[in-house]
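Subject: Handing over a structure

Dear colleague,

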Amino acid sequence: YKRQVYGDAVNLAARLEALAKEKNVSLLVSEHTGAKLADPSLLRPVGNTAVRGQRQPLDVFTLEDCIL
C-alpha cells in the first residue's frame, strides 16, 4: 500500500525544494511561511520567483543562521 499526498501546499514544497538545490541553499520558504515566523529578521531574500503551478510569482527567502 503506497500513500501519496496531493495539493497546492505539497506541490509548492516540492518546487521550493528543487529551487533550493538550484540556488545552492539548504532551505527556501515562501512569503506566506516567512510571514508566520516568530523572528522574521532571520529571512534573507532570494528574490521574486515564478514557481510552476502558482499563479503569481512568489517572494522566496532562505533563513540565515539556520541549523538543519
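The face of helix 1 that is turned away from its buried side carries Glu17, Lys21 and Glu22, which are exposed. Here buried means under 20% relative accessible area, exposed means over 50%, and partly exposed lies in between, with a 1.4 Å probe and protein chains only. Helices (H or I, at least four residues) and strands (E, at least two) are DSSP runs, numbered from the N terminus. This is a predicted model, in which local features need pLDDT of at least 70 and side-chain atom pairs count only at pLDDT 80 or more, while totals for chains, interfaces and linings use all residues. Residues are numbered from 1 along each chain as its sequence is written, and side-chain values use heavy atoms, with hydrogens and water left out.

On the buried side of helix 1 are Leu12, Leu16, Leu19 and Ala20. They cover an arc of only 105 degrees around the axis, taken from the directions from the helix axis to the C-beta atoms, and therefore they sit on the same side of helix 1. An α-helix has 3.6 residues a turn, so residues three or four places apart point the same way. The cover over the buried residues of helix 1 includes strand 1, strand 2 and strand 3 (58-63).

How does the length of helix 1 compare with what its 16 residues should span? At 1.5 Å a residue, with the expected span being 1.5 Å times one less than the number of residues, helix 1 should span 22 Å, and its end C-alpha atoms are 22 Å apart, which agrees.

Helix 1 is followed by asparagine 24, which is found in the loop between helix 1 (8-23) and strand 1 (29-30). Asparagine 24 has a positive phi of about 60 degrees although it is not a glycine, and it is exposed, with a relative accessible area of 70%. Tyrosine 6, in the segment before helix 1, is also exposed, with a relative accessible area of 65%.

Which residues make up the largest nonpolar core? A nonpolar core is a set of buried Ala, Val, Leu, Ile, Met, Phe, Trp, Tyr and Cys residues joined through side-chain atoms within 4.5 Å. The largest one has 8 residues in all, namely Leu12, Leu16, Leu19, Ala20, Leu28, Val51, Leu58 and Val60. Helix 1 and strand 3 are the elements that give two or more residues to this core, and the largest share, 4 residues, comes from helix 1.

Taken as a whole, the protein has 2 helices and 3 strands, and from the N terminus on its elements run α-β-α-β-β. Of its 68 residues, 22% count as buried, and its C-alpha atoms fill a box of roughly 40 × 30 × 25 Å, taken along the principal axes.

With best wishes

How values were computed
Contact means heavy atoms within 4.5 Å.
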